[in-house]
Amino acid sequence: MEFFDRFAVPHPSPAIYASMVAISLTALAVIAGLTHFKKWGYLWREWLTTVDHKRIGIMYLISALLMLFRGGVDAIMLRAQLATPDAKLLDAQHYNEIFTTHGVVMILFMAMPFIMALMNFVVPLQIGARDVAFPRLNALSFWLFFMGAMLFNISFVVGGSPDAGWTSYFPLAGNDFSTSVGTNYYMIAIQIAGIGTLMTGINFMTTILKMRAPGMTMMKMPMFTWSSLVANLIIVFAFPVLTVALAMGTMDRLFGTNFFTTDNGGMDMLWANLFWVWGHPEVYILILPAFGIYSEIISTFARRNLYGYKSMVYSMVVIAAYSFLVWAHHFFTMGQGALTNSIFSITTMAIAVPTGVKIFNWLFTLYKGKIEFTTPMLYAILFIPLFTLGGVTGVMLAMSAADYQYHNTMFLVAHFHNVIIPGVVFAMLAGLTYYWPKMFGFMLNEKIGKWTAWLLSIGFILAFMPMYITGLDGQARRMYTYSESTGFGPLNMVSFIGAAIMGIGFILIVYNIYYSTRYASRDISADPWDARTLEWATHTPVPEYNFAAVPQADSIEPLWDAKKKGHVLFKDKFEKIHMPNNSGMPFIIGCIFFAWGFSFVFGLWVPLIITTIGIFVTMALRSFEKDHGHYISVEKIEETETKLRGAK
Amino acid sequence: MKIKWVFLSIILTIATVLTGCEPLLVLDPKGPQAQIQADDIMLSIWIMLFIVIVVFAMLAFMLIKYRASKQDKDYEPPHIEGSFIVEALCIGIPVIIVVFLSIMSVKSNYEVEATPKGYEDKEPLVVYASSSDWKWHFSYPEENIETVNYLYIPTDRALEFKLYSYGPITSFWIPQLGGQKYAMSDMVTTLHLAADVPGEYMGRNANFSGKGTAENVFDVKAMPPAEFEEWVDEVKATAKPLTEDKFEELLEPGHLGRSTYTGTHLEFSPPPSSENGGHDHGSNKSQAEDEEHADHDKSSEKHSEHDNH
């Protein structure tokens, strides 16, 4: 029995036991359902082994939505606990675990895959490619991300959740102060997912640089493609830092090294520095593709070309460069002195300039436009004022002397939610609504969609604006409770109400998907929004090979030119198309990585050695495998094309 | 769009009503450093408000003027590449604002990192503030006394806090006297504060340090110098000496009320040796530790003698 004790949750509660039961029942139901409807083969052939960027995108999307709800439930619990003074809903330990998982899940397992989902689905279509440069690597990226996310998520029912904050600062995250295996989960699950992300970065950079349609020069790439390129460039530079930091943290916890410990020469602030050298660029990895989505949407529904294309591109490149020069602003209060703080204060404020350029360019894109308030556009319109609030409070935080007062308070919490929710989450929901018809062949209900956007915005304002005030009134972040005499009560109640309204908004998204799946018309055109770029030039649903003939792009908006100026998109005749074969290997490697991570978390050395060998064996097998893909014949293409044209 | 403005104004009203009764701690400074920070905050709020209004107004204008329902069915929006002048303005004005704020920020940085202005004439009171899970220990080396979880300070005298931690990183924060700074286990940081006005203030650890973070608070009382001297004398007359054993007991994780001692822990448990980010590495440290231990043995002998009396 002693062996199994380690898997017990160190600090259980009825909610955790209920979750265990719920998880087991759901798993059983899924297995029973798949068996009953004889879908195992379908699942394996069409999804688990797929290397198609569109399907991988959809799998990322499903994971992101699942994680959105996991993180969202965490958030509601946190706000409920803080809604009243001296509340007893959660104790300190549970509160700490929940805000830790909320942060990790939302940033790494919700926002990141959401962006990956849109990048995977849209970028190859937008540049007129048949797939990404390395389709099988892409599948491996997904499965590593997915297994990392799952490993992280089982922590709360097996062995205990991490409880040192999503920043996991040492020495708090070290063995002395964080005794459960929770932080091992953090180190290893993020490591696995992070390796996947790094591979995505390489994959998409290659794809965008090498696989664009003829005529599409760098300065004719659509804005979302540009933003993805820059984001992936940041990934390639930033993620190795995280990989190293996590490896050092893992060694501190499991092998007794002293990188970040309090004695034997350990430096606790080294972790904070490494973490934020990755962590700050990370937020730009999230926000730049979001900016790209907004650029596409605003241009489409203002019925105008994007204003200041060049300055949009340059500003993104400048932001990417700056993103590596500001990390110390996350700890102005570390005591590094006035000079260092001044330098980082100035670099941080400087980021406001290129960001401001983007805001003004979007505003000028609306100028002389013909603005249609569709759901995606509504998100974009709500984004501009809300994000501006978040942006200017960012400038306030950048003033390092004043930051001594903002740091570690609800003011900071309000700020970063103020940029991430309207910035990233709204963009992803806008992108989801915008690209939904291309993904699934029907549109999401506009009325429910608009209700959702308004509820989320109102909920957002109610939830986060009060935090600016309580922050300035001395409410520190990550406190599981406060006394009535502090006077934080009423505003925290407002926050809770806001969070509940946002919760309703997120439920409406699910309802909208359900409702539209049942009732929405399947009779839509390939270009339902009257858009401007190549992804709308192919059929809905998109055939396996994306474009029957390679499109020709002569401007930033080739489809718009085709519609208005008689530009000929498809000059070539059909030729046989070379496509990659499906492969079970990425999924299998992912599963081995899961077992590897699990063994690592609990220090089960024998399984760890076996799985490590397994990883190398599968990699070797893959290397010696001769698989040159397959060809789709011209007859087959013609058949598909006729069918799709007819179906429309 | 209207709904949004209605909601915004409701929220603003709620915010003003809720906070109108009492000023926010950070914006109600009782010392020169907090004053600098509050001034910076208000200045930046006004400048940012200007930017927010400009953006909101531009957005409202665009949405009202160029929405599809207001336009001709056949209206075809023009193709506009961008204009050098407009884009130069969009870069130029923010650059001016950022330059101005940078100058303000740098100026304030040097001010908050030095002895407060107007207090340079008197020697600052040095207080070693160290945290342990989840308490604060205040050692007054000059007065040779130590308190737990409460801090008495004289007004009109610069305060120099030497911060370090017996555990996770914490952050020493008295909002009404000035912003926070980290306390860490491997180096000492310095925080310059001063109190202008006698009164009781809230102090806390602002950095997450585990289960007890929320209750990791301390009371601060600023009093006129004469009263402070009186208090010191009283402590010296009445409090028990802080022994090493007692201090070890205080360091045990948990929550404690206030307590007061004569003597400080600095003698037998000195702060991390070097300041400004210096670190002890490898053998040096263990050597130092050995010496420490030797000292400990002596001092504990002394204490035991003392107890026998």
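Which domains does the domain assignment give for chain B? The assignment lists domain 1 (23-112) and domain 2 (125-271), with bounds that come from an automatic or database domain assignment. This is a predicted model, in which local features need pLDDT of at least 70 and side-chain atom pairs count only at pLDDT 80 or more, while totals for chains, interfaces and linings use all residues. Residues are numbered from 1 along each chain as its sequence is written, and chains are lettered from A and ligands numbered from 1 in the order in which they are written.

**The two domains of chain B**

The C-alpha centres of domain 1 and domain 2 of chain B are 41 Å apart. Eleven residues of domain 1 of chain B are in contact with 13 residues of domain 2 of chain B; contact requires that the C-beta atoms of two residues, placed from the backbone, lie within 7 Å. On the side of domain 1 of chain B that touches domain 2 of chain B, helix α2 (residues 32-65) of chain B gives the most, with four residues. Helices (H or I, at least four residues) and strands (E, at least two) are DSSP runs, numbered from the N terminus.

UniProt, in an unreviewed entry, places the feature "transmembrane region" at two spans of chain B, residues 43-64 and 84-106. Such positions are given in the numbering used here, feature names are shortened, and annotations may be inferred rather than shown by experiment.

Five strands of chain B form an open sheet with mixed pairing, in the order β4-β10-β9-β6-β7. Two strands pair if DSSP finds at least two bridges between them. β4 (150-154) and β7 (178-183) of chain B stand at the edges with a single partner strand each, so one side of each is left without a neighbour in the sheet. Within the sheet, strand β6 (residues 170-174) and strand β9 (residues 199-205) of chain B run antiparallel and are joined by two bridges. B:W173 has B:R204 in β9(B) as its bridge partner.

**The contact between the chains**

Chain A gives 83 residues to the contact and chain B gives 80 residues. On the side of chain A that touches chain B, α11(A) gives the most, with 16 residues. The residues of this side of chain A divide into 49 nonpolar, 25 polar and nine charged. Here Ala, Val, Leu, Ile, Met, Phe, Trp, Tyr, Cys and Pro count as nonpolar, Asp, Glu, Lys and Arg as charged, and the others, Gly among them, as polar.
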